[in-house]
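Here are a few exercises to work through with the model open on your screen. Try each one before you read its solution.

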Amino acid sequence: MDIRFSGVSKVFYPDITALEDVYLEIPKGEFVYLVGPTGSGKTTLLRCITREVAPTRGQITVGSFSLRKISRVDLSIFRRDIGIIFQDFCLLPHLNVFENVAFVLEVLGAPSREVKERTGEILDQVNLWRRRFLYPPQLSGGEQQRVAVARAIVNSPSVLLADEPTGNLDLHTAEEIMQLIMSINALGTTVIMATHNQYLVDAFRQRVIGIRSGRVVRDEKRGRYNLDGEL
Amino acid sequence: MGSFKYALRDGTRLIIRHWGLAFLTVVTSMAVFYLIGASVLLVLNARHIVNFLEGELSVQAYLAPGADFEIAARQAATLTHVKEVRIITREMALERLKQRMPDRAESVTILGENPLPESLEIAVDRADSIESVVTALAAIPLIDDIVYAGGLAEKWARFSRFAGKFSLAILLVAITASAVVLFNTIRIAVYSKEEEIGIMLMVGATPTFVAMPFVLQGVILGGIGSFGASIFLALSYSGIITRLKEMVPFLPLLEQHAVVLELGLILVGAGATVSLIASLVAVETFTRRAMKPL
Ligand SMILES: Nc1ncnc2c1ncn2[C@@H]1O[C@H](COP(=O)(O)OP(=O)(O)OP(=O)(O)O)[C@@H](O)[C@H]1O
Ligand SMILES: [Mg+2]
């Protein structure tokens with residue numbers, strides 16, 4: 001699914017401009033870093049794609065979906081194809097690791113055998129199989145992060161939105177998660193990753209979109225995190 | 001099918017998780033539906049008694065001296081609510097008197113002459129209409145005097161009408177009350193899973209899918225409540241009927257089990273419907289808001 005922003009602005013009540021006149025074109029299968037200082041609008045941009053936020057002005061289309069007027073049912077169908085790693089994880093505290101991941105597949109009505117198999121597979125990939133019966137509060141920050149990643153990719157979405165997916169990880173684990181996300185991207189999933197991790201951006205070179213105060217200030221094909229001492 | 005199993009599992013989990021609330025909801029809706037059922041039975045019985053008494057509804061009209069009773073009878077027959085007009089001749093009147101009170105009849109005929117007047121016997125269709133028929137009859141000049149014994153039937157009819165209105169009021173209040181209770185229970189359950197619902201909607205669960213466990217929870221609670229109410233109603237009704245029959249043997253009461261069974265089915269149906277609607281509204285308003293973008 002191609003993602004297109006044309007002239008998107010978002011003003012939060014009463015007058016906080018989170019995005020201003022954003023034009024973007026992200027073709028299917030691309031890997032994009034979203035960088036910018038804190039409060040620059042990265043999360044808001046991602047939330048526009050999931051339609052948690054409706055732009056004040058402008059249009060967003062994702063694949064064949066025009067998000068301005070999408071019915072509730074279409075929105076659900078649309079969201080099934082989008083994996084989200086939330087900045088604050090959003091794990092369910094009363095479900096264990098396995099259930100937190102399996103839940104996504106159950107909600108989509110997958111048969112229970114498939115749910116078990118697929119969840120097991122993905123927990124193996126993020127090295128959490130041995131922790132599958134633990135509850136989120138019992139996990140370290142990094143482990144929670146990996147559960148969030150597992151949940152986002154378990155149903156092989158067309159688009160993966162990752163909001164600071166390596167925020168709580170040491171460099172080694174961050175790299176592992178990064179490898180995982182890259183391998184998903186290699187299978188054709190579009191990835192948009194908001195991050196402050198300079199090391200990753202510079203080590204795994206990809207397209208970099210820089211935003212500042214809600215505006216796109218740079219867009220480079222194989223960019224770096226820090227250009228000319230700027231963000 | 002998989003999603004129904006999910007809904008059933010989650011619905012029962014919700015009930016178990018909020019068992020205290022579930023218990024209260026069941027008890028409340030049981031009380032409410034019992035009240036509804038009892039008032040319906042009261043109305044049905046009042047109607048039944050009225051129907052029974054209406055079998056004997058008639059008005060006697062005595063004619064002015066020298067009036068032609070054929071004409072008077074025809075005039076009376078044209079009135080609305082009049083079912084039948086019979087002419088009672090002097091001979092017939094005497095016959096009746098003889099049948100009912102032989103000794104009185106003898107004393108009447110001792111003079112050799114039949115002193116009983118001619119009259120019209122007018123059958124009225126319903127107890128409610130007696131009053132209007134009597135007024136209309138009084139307006140016919142050929143008719144001199146009107147006697148009717150419909151007082152009891154009329155009183156019952158009035159009571160039955162009152163009971164009908166009363167039970168309609170009870171029905172409305174009770175249905176509203178049970179809807180509110182169920183609505184609140186479901187809403188509490190929904191809010192207890194607010195976070196989970198939010199994430200479900202984010203990963204693409206449809207609002208219907210999200211709603212199912214809650215709706216099922218509501219229907220189960222409302223269903224149990226109204227079912228329990230029906231059982232209690234059937235038991236207490238047969239008890240009351242037995243007692244009343246001992247005390248007032250001639251009172252015609254509804255005794256068919258079919259009536260109570262049918263009423264029970266209707267109650268359970270109503271309980272399920274009310275809880276279905278109440279819980280749908282509770283979840284829908286929530287998911288609608290949750291899916292609205294900022
Ligand atoms: N719901 C909201 N209501 C009002 N203002 C908001 C809302 N959400 C975000 N904002 C504002 O919009 C601006 C951009 O926020 P956003 O979360 O997109 O930043 P960010 O780039 O993700 O920052 P960070 O790197 O710290 O995660 C901020 O000034 C924030 O206060
Ligand atoms: Mg953010």
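**Exercise 1: the ligand between the chains**

A polar side-chain atom of Lys42(A) sits 2.6 Å from an oxygen atom of ligand 1. Keep in mind that this is a predicted model.

Solution. Start with where ligand 1 is: between chains A and B. Thr38(A) puts a polar side-chain atom 2.2 Å from a ligand oxygen, and for Thr44(A) the distance is 2.6 Å. On its own, ligand 1 exposes 640 Å², and the protein buries 68% of that.

**Exercise 2: the magnesium ion**

Task: find which residues coordinate the magnesium ion (ligand 2), and say where they lie in the chain.

Solution. The donors are OG1 of Thr43(A) and OE1 of Gln87(A), at 1.8 to 2.4 Å. Thr43(A) belongs to helix α1 (residues 42–49), while Gln87(A) is in the loop between β6 (82–85) and α3 (97–107), 44 residues apart. Thr43(A) is partly exposed at 27% relative accessible area, and Gln87(A) is partly exposed too, at 42%.

**Exercise 3: a glutamine in chain B**

Task: is Gln217(B) buried or exposed?

Solution. Find Gln217(B) in helix α9 (residues 207–247). Its relative accessible area is 1%, so it counts as buried. Beyond its neighbours within four places in sequence, Gln217(B) is in contact with Gly11(B), Leu14(B), Ile15(B), Ile186(B) and Ala189(B).

Note on methods: Residues numbered from 1 in each chain as written. Chains lettered and ligands numbered in written order. Predicted model: local features only at pLDDT ≥ 70, side-chain atom pairs only at ≥ 80, totals over all residues. Heavy atoms only, no water. Donors = N, O, S within 2.8 Å, 3.2 Å for Na, K, Ca; no water. Helix = DSSP H or I, 4+ residues; strand = E, 2+ residues; numbered from the N terminus. Buried < 20%, exposed > 50% of the residue type's maximum accessible area, 1.4 Å probe, protein only. Contact = heavy atoms within 4.5 Å. Near = heavy atom within 4 Å. Polar contact = N/O pair within 3.5 Å; in protein donor to acceptor, adjacent residues only side chain to side chain. Areas by Shrake-Rupley, 256 points an atom, 1.4 Å probe, with all protein chains shown as cover.
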